[in-house]
Amino acid sequence: TSAYSSPAKSLGDPGITPLSPSHIVKDSDADDAVEQLFLVVVAIDFGTTSSGYAYSFTKEPECIHVMRRWEGGDPGVSNQKTPTTILLTPERKFHSFGYAARDFYHDLDPTESKHWLYFEKFKMKLHTTGNLSMETDLTAANGKKVKALEIFAYALQFFKEQALKELSDQGGSDFENTEVRWVITVPAIWKQPAKQFMRQAAYKAGMASPENPEQLIIALEPEAASIYCRKLRLHQMIDLSSRAPVNGYSPSDTIGTGFTQGKEHVRRNRQSRTFMVENVIGEIWSELEEGDRYIVVDSGGGTVDMTVHQIRLPEGHLKELYKATGGPYGSLGVDYEFEKLLCKIFGEDFIEQFKIKRPAAWVDLMIAFESRKRAAAPDRTNPLNITLPFSFIDYYKKFRGHSVEHALRKSNVDFVKWSSQGMLRMSPDAMNALFKPTIDQIIQHLSEVFDKPEVTNVKFLFLVGGFAESPLLQQAVQSAFGSRCRVIIPQDVGLTILKGAVLFGLDPAVIKVRRSPLTYGVGVLNRFVEGKHPQEKLLVKDGTRWCTDVFDKFISADQSVALGETVTRSYTPAKPSQLVIVINIYSSEQDNVSFITEPGVKKCGTLRLDLTGTDASVPNRREIKTLMQFGDTEIKAMAVDVATSKSVKVGIDFLNY
């Protein structure tokens, strides 16, 4: 027998066999009627480094409100979002989130703080874990482990409560969770299990439930950005290609002042958190014709995501041309390079020890680095100073027996000097060098996307996400691709995804066509054909020769799928008298799959149709219709016994198989 033993043989499962040529049924109008039940849409941008939410009332969809300002912001970092950090008490109960968590943890006495569980930048774990499940752990700063699902649920629950509280305060009466449609954004390049994991965490946080899944939409980050960019007017963007190639922003229009009255038609005072989204297609779109293509590059803290969209007029619906790609090239890569630099100067053994023994001071050091990181620019000439926490200097002396200053002199790292005020002084070149590996990977990846045949003649490249605020990244993208398309950056680039996600929640049908990230099919029996089928797949049942483990394809990876499209296949039980029919659903990243035993094929769902007790006078070839509906980031499957209309439904599940 082959290395992969045959599931069908071992189960003794008589199985099903295809009945009819496949056909596709479009079913997009059926469920439009139930949409308008929610009073408000709240979108949560759950980021690797920072998170936030925004909302809009369904009655006035042109107003998007960004969440209240958070207490305890950082010097040199103005944004509407809060750090994605969470603190649990020594008893593992939720304590605080964001700046509050960070500051509280920081103020704890070191003897005490080692018992508290502090997590930051934990979202990347969902991208990097190959076999993600409900049991996957996250490691706190003190080395203790907690279930990832719990941490994500705590974080989402925190946002849920904050948003409901803000809505209640604003409306003067208590807002119920049932009145809210939630939208959570995830990177498009996440694999299906990670997207499902986010949904499970939201259920655990009480945002929606398996019985009422429509209340929560999982939106893809670059898609959300794309929806928002469509609404923009030219004065709300910075067109890199039309200005002198100075570093992205001239000092007069830094990000912080991007929210001024002239640029956004704000109804209230200058500090307003309400953005008016004009219900028109922005001017930039008036230059776009039917069929025009553009790329959205969403560069965040953890991942960089790219999607290629095409306009379908008249409504300006979007069609995805090339499946979302990208990788872990977010701004975290720059932090990692800084850490490597510290290891080079002070020794890896010291840095490892310091992180464990003084976790709060390490967090402090990274905050100091963060604000300097934001000051890096291509034409900067003066050095950047990074304050070393006192406990770093102190602990280093204890650990090594000589001073930090001595280490810097000895390390022969040219660009980093010690300044008399107790700071690391980095030359602009040294800082730019920390960005280089990450930016190079982004440019390299974009070049590969541009070389794909589906991606010819792209008109615009929208650069969005938190990392897009970096003038170094802006300049690199502009110089690499400025000759091929117009590079455009929305004004409040860090909030683009958040606002787009709100618009998506108000009108989920705006994205009409997606590319399927995987190939899906079911396991069936086919009549055995000598010479065509491998001998080890032969199964003889009641005198009939079957080929087992055949993968009957519903849809291929990278095939276009219209939203809500249903693919139908008909099967019949291989053994007519069979009353319990089990249909197993499989997925693979490969296009061409012949057998469910091939490497990389994973089971992701089971439909179990029990027909016992149904009328015995059914036709001798019973028809079982199997439907898969591809839509939202979720996929639903259903089996129907045509004779009795008995049916069973299942959501595709990537976490529990």
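## A walk through the predicted model

Helices (H or I, at least four residues) and strands (E, at least two) are DSSP runs, numbered from the N terminus.

A word on what you are looking at. This is a predicted model, in which local features need pLDDT of at least 70 and side-chain atom pairs count only at pLDDT 80 or more, while totals for chains, interfaces and linings use all residues. Residues are numbered from 1 along each chain as its sequence is written, and side-chain values use heavy atoms, with hydrogens and water left out.

Now the overall picture. The protein has 16 helices and 34 strands. Of its 657 residues, 56% are buried; buried means under 20% relative accessible area, exposed over 50%, and partly exposed in between (1.4 Å probe, protein chains only). If you take the contacts (heavy atoms within 4.5 Å) between residues at least 6 apart in sequence, 71% of them join residues at least 24 apart.

So what sits inside? In soluble globular proteins, nonpolar side chains tend to be buried together. A nonpolar core, as used here, is a set of buried Ala, Val, Leu, Ile, Met, Phe, Trp, Tyr and Cys residues joined through side-chain atoms within 4.5 Å. The largest one has 80 residues, and Val-42, Phe-119, Phe-152, Leu-156 and Trp-182 have the most contacts inside it. Our opening helix, α5, gives this core its largest share, twelve residues. Look at Leu-156: not counting residues up to four places away in sequence, Leu-156 touches Ile-44, Phe-46, Ile-184, Met-198, Ala-201, Ala-202, Ala-205 and Met-207. Apart from this core lies another, of 59 residues, with Ile-351, Val-455, Leu-473 and Phe-481 among them.

Helix α10 (residues 348-357) and helix α11 (residues 359-373) have axes 5 Å apart and an angle of about 110° between them. The axes are lines fitted to C-alpha atoms, for helices over the stretch in contact, and angles run from 0 to 180 degrees between N-to-C directions. That makes α10 and α11 roughly perpendicular to each other. For reference, under 35 degrees counts as roughly parallel, over 145 as roughly antiparallel, 65 to 115 as roughly perpendicular and the rest as oblique. On the α10 side the contact uses Ile-351, Phe-354, Lys-355, Ile-356 and Lys-357, which meet Pro-359, Ala-361 and Trp-362 of α11. By class, that is six nonpolar, no polar and two charged residues. Here Ala, Val, Leu, Ile, Met, Phe, Trp, Tyr, Cys and Pro count as nonpolar, Asp, Glu, Lys and Arg as charged, and the others, Gly among them, as polar.

Helix α7 (residues 221-231) and helix α16 (residues 496-506) cross at roughly 85°, and their axes come within 7 Å, which makes α7 roughly perpendicular to α16. Nine nonpolar, two polar and three charged residues make up the contact of α7 with α16. Thr-496 belongs to α16 and is buried, because its relative accessible area is 0%. Leaving aside neighbours within four places in sequence, Thr-496 is in contact with Ala-225, Tyr-228, Cys-229, Val-464 and Pro-490.

Met-124, in helix α4 (residues 124-128), is 177 residues from Gly-301 in sequence, yet their C-alpha atoms are 9.2 Å apart. Met-124 counts as buried at 14% relative accessibility. Beyond four places in sequence, Met-124 touches Thr-48, Gly-302, Thr-303, Pro-328 and Leu-332.

Asp-549 has a positive phi, near 60°, though it is a residue other than glycine. Asp-549 is found in strand β27 (residues 544-555) and is buried, with a relative accessible area of 1%. Ser-645, not a glycine either, has a positive phi of about 60°. Ser-645 sits in the loop between β33 (635-641) and β34 (646-651), and at 56% relative accessibility Ser-645 counts as exposed.
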